[in-house]
Amino acid sequence: MSDCLGKTLGGRYEVREVIGTGGMAVVYKAYDTVLHRFVAIKILKEEFAADNEFRKRFNNEAQAVAKLSHNNIVSIYDVSQDHSEAEYIVMELCEGVTLKDYLRKKHHLSWQETVYFAQQVARALDHAHSRGIIHQDIKPQNIMLLRDGTAKVMDFGIASFANSQETKKVSEAIGSVHYISPEQAKGIKVDYRTDLYSLGVVMYEMLTGTMPFRGDTAVAVVMQHINTVPPKPSELVPNIPPAMNEIVMHAMCANAAQRYGSAMELLNDLERIRSNPNLYLNYTNRASSATQAIRYDDEEQVTQLIRGIPEAIDANDGYEGYAEDEDDAYEYDSPRQKKSSSGKGVLALGLIALVAVAVFALWAVLSGGANVKLTVPEFVGMNYYDEIEGTKYEKQFEIKVEKAAIENEDDYDDGEVMMQDPEEGTKVDRGTKVSLVIASLDGEAEDIPDEEELEEPEEEEELVSIPSVSGDSYDDAASALKALGLKVSREEENSDSVEKDHVISSSPSSGEEVKKGSTVVLTVSTGPKEEKVSVPSLSGMTQNQAAAALKKVGLSLGSVSQEESDEPTGTVIGQSVSAGSEVNKGSSVDITLAAEPPEYEPEEPVEEETPSGSVGFTKDGGTTYINVSLPSDRDSVNVRVSVAGNALYDSAVNCNRSSFTVHASYSGTERVQVTMDGTTIYDGDYDFGA
């Protein structure tokens with residue numbers, strides 16, 4: 001569905017990049033041009049869009065989640081209206097990692113962290129169940145962890161409405177095989193408790209770093225869900241409280257009647273153990289005794305038990321929320337995907353007799369089938385003669401053995417595997433050749449391949465198409481590129497058309513393909529280029545002259561203050577920016593004017609007596625003199641004079657004289673405030689005249 005990149009869906013959603021791919025759909029990051037936010041859009045793949053069955057399942061997700069509104073459930077904003085376009089669902093964009101990715105990094109979680117995430121999922125399920133919605137595919141891949149620790153359940157693609165189910169109407173087992181409930185596997189009617197079973201498996205995996213049931217085929221795993229009791233988590237990882245074992249095993253009880261009855265019951269127990277790790281529960285002894293374990297690799301037993309399954313299990317049915325499930329040890333192509341365009345294949349499958357299904361499933365177990373994938377185990381360290389030769393491994397793989405002569409028996413045991421190819425964890429087809437180099441203490445050695453021959457061939461470098469990020473903020477653009485596995489470098493330049501801190505261009509440019517891990521250089525706008533001007537010398541000028549000189553070069557006059565000086569009164573004796581300095585055009589410069597007390601008696605004085613002194617006003621043309629009398633019983637005082645909130649003077653004054661004068665050039669009525677050592681001696685309006 002890469003052809004959707006760059007398109008605008010619904011007249012408002014600009015598709016930017018792929019962020020996940022599943023079996024049925026592709027998830028893109030898109031920009032909503034109406035609400036100006038990023039969203040996730042899940043688009044049904046073209047090969048399924050023409051099929052009513054798949055479209056029904058796809059639209060079922062929108063119907064299901066549209067009924068839900070909860071902090072721990074990914075919200076749905078919109079669905080496709082014009083069916084001439086692609087079928088899509090617009091969802092909340094969650095920035096974070098899946099619980100599966102988190103587990104890959106940490107291997108397993110502490111019981112406290114397990115409780116923290118499980119409680120959030122339980123709250124989400126409680127809300128969904130209260131609205132009649134059963135999720136049916138709870139697994140770590142469908143739980144998104146945000147940066148603030150919030151867990152959000154997503155992908156309701158196979159959700160069902162509880163009140164719409166009928167007994168025996170569920171003709172196919174759906175869900176992910178490692179997390180599927182026994183009732184889902186059997187294809188019988190399910191209720192809310194199926195989600196609690198799956199959550200129990202997820203808790204088991206969080207606590208131990210492994211799934212409770214593993215096998216070489218999907219059928220083998222399903223048989224264990226139905227018939228096997230796994231070891232308690234504390235048997236694999238020590239220091240897990242006994243009550244935590246009880247909670248997990250009670251949720252995973254194969255008999256739904258002996259399982260938790262609701263998500264709220266489970267949530268309550270999680271809250272209790274969070275507060276009291278020594279909590280005593282006794283679920284296991286009451287619930288698990290009836291379950292009998294079977295050997296999942298015993299082909300005869302599997303043959304007998306498989307008759308209880310209505311349809312072969314599809315290990316990767318459905319689709320992932322934001323990412324593929326890469327952890328299944330095998331992959332089946334869904335039988336529903338192998339139908340003719342007329343849709344008759346689905347109808348035929350629904351009518352297959354149980355005997356025919358059993359034959360198909362048995363064929364899958366014995367021969368592997370064309371679609372079965374196996375995970376190569378870790379052979380290194382095993383003894384070939386005791387643990388590999390004549391075992392199931394020789395049925396699964398073509399084992400080729402090379403001997404290496406070993407002189408010192410302390411280094412290796414005879415027959416111990418020293419090297420293997422392919423490496424442990426590699427997914428291969430059944431029957432793939434696996435080369436082993438084993439130790440030989442009898443001096444016998446065969447041709448041993450070089451290490452280079454055992455190394456896996458280098459994979460072709462994955463190419464990534466550079467998305468269009470021009471006009472995006474740098475943070476959004478960098479995030480989009482890093483999500484594709486690319487590195488980001490930043491360069492800056494001025495731009496009159498691109499907003500500051502937004503991307504002007506990228507190198508390589510949009511649409512070019514580069515190797516994953518390559519560096520993309522983003523050129524980011526610093527805004528329009530600011531013109532610099534030189535500050536003139538204002539010394540000796542009057543206030544009006546200084547203002548004119550600044551205006552001439554594109555600057556403005558800032559605040560004006562005065563201080564006593566021997567220089568001519570009213571002339572500039574100081575400026576806030578030195579002459580000759582380069583500043584941005586439009587900046588302001590403050591000045592200080594020379595002032596001295598008047599030598600004549602003030603005319604028409606206006607005084608207001610205060611305990612600390614008095615204030616008088618005298619006018620001379622356009623200048624007003626504010627006269628402050630000083631106390632005779634002090635050596636000095638701090639005088640502050642402000643007009644209209646602007647401080648004209650704020651400093652210490654020697655009291656060896658009777659008064660102190662400040663010049664003020666204002667017009668109209670303004671508020672005048674005078675304080676002496678912090679005490680207000682005048683606060684009132686004064687008319688400075690025209």
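**Exercises on a predicted model**

The side chains of Thr150 and Asp148 are joined by a polar contact of 2.9 Å (N or O atoms within 3.5 Å, one able to donate a hydrogen and the other to accept it; residues adjacent in sequence count only if both atoms are side-chain atoms). The model is predicted, with local features needing pLDDT of at least 70 and side-chain atom pairs pLDDT 80 or more, while totals for chains, interfaces and linings use all residues. Residues are numbered from 1 along each chain, and side-chain values use heavy atoms, without hydrogens and water.

**Exercise 1.** Determine whether Thr150 is buried or exposed.

Solution. Step one: Thr150 lies in the loop between strand S9 (143-146) and strand S10 (151-153); strands are DSSP runs (E) of at least two residues and helices (H or I) of at least four, numbered from the N terminus. Step two: its relative accessibility is 12%, so Thr150 is buried (under 20%; exposed is over 50%, partly exposed in between, with a 1.4 Å probe and protein chains only).

**Exercise 2.** State how the axes of helix H9 and helix H10 cross.

Solution. Step one: the axes of H9 (residues 242-251) and H10 (residues 263-275) come within 10 Å and cross at roughly 170° (lines fitted to C-alpha atoms over the stretch in contact, angles from 0 to 180 degrees between N-to-C directions). Step two: H9 is therefore roughly antiparallel to H10 (over 145 degrees). Step three: Ala243, Met244 and Ile247 of H9 meet Leu266, Asp269, Leu270 and Ile273 of H10 (contact: heavy atoms within 4.5 Å).

How values were computed:
Parallel < 35°, antiparallel > 145°, perpendicular 65-115°, else oblique.
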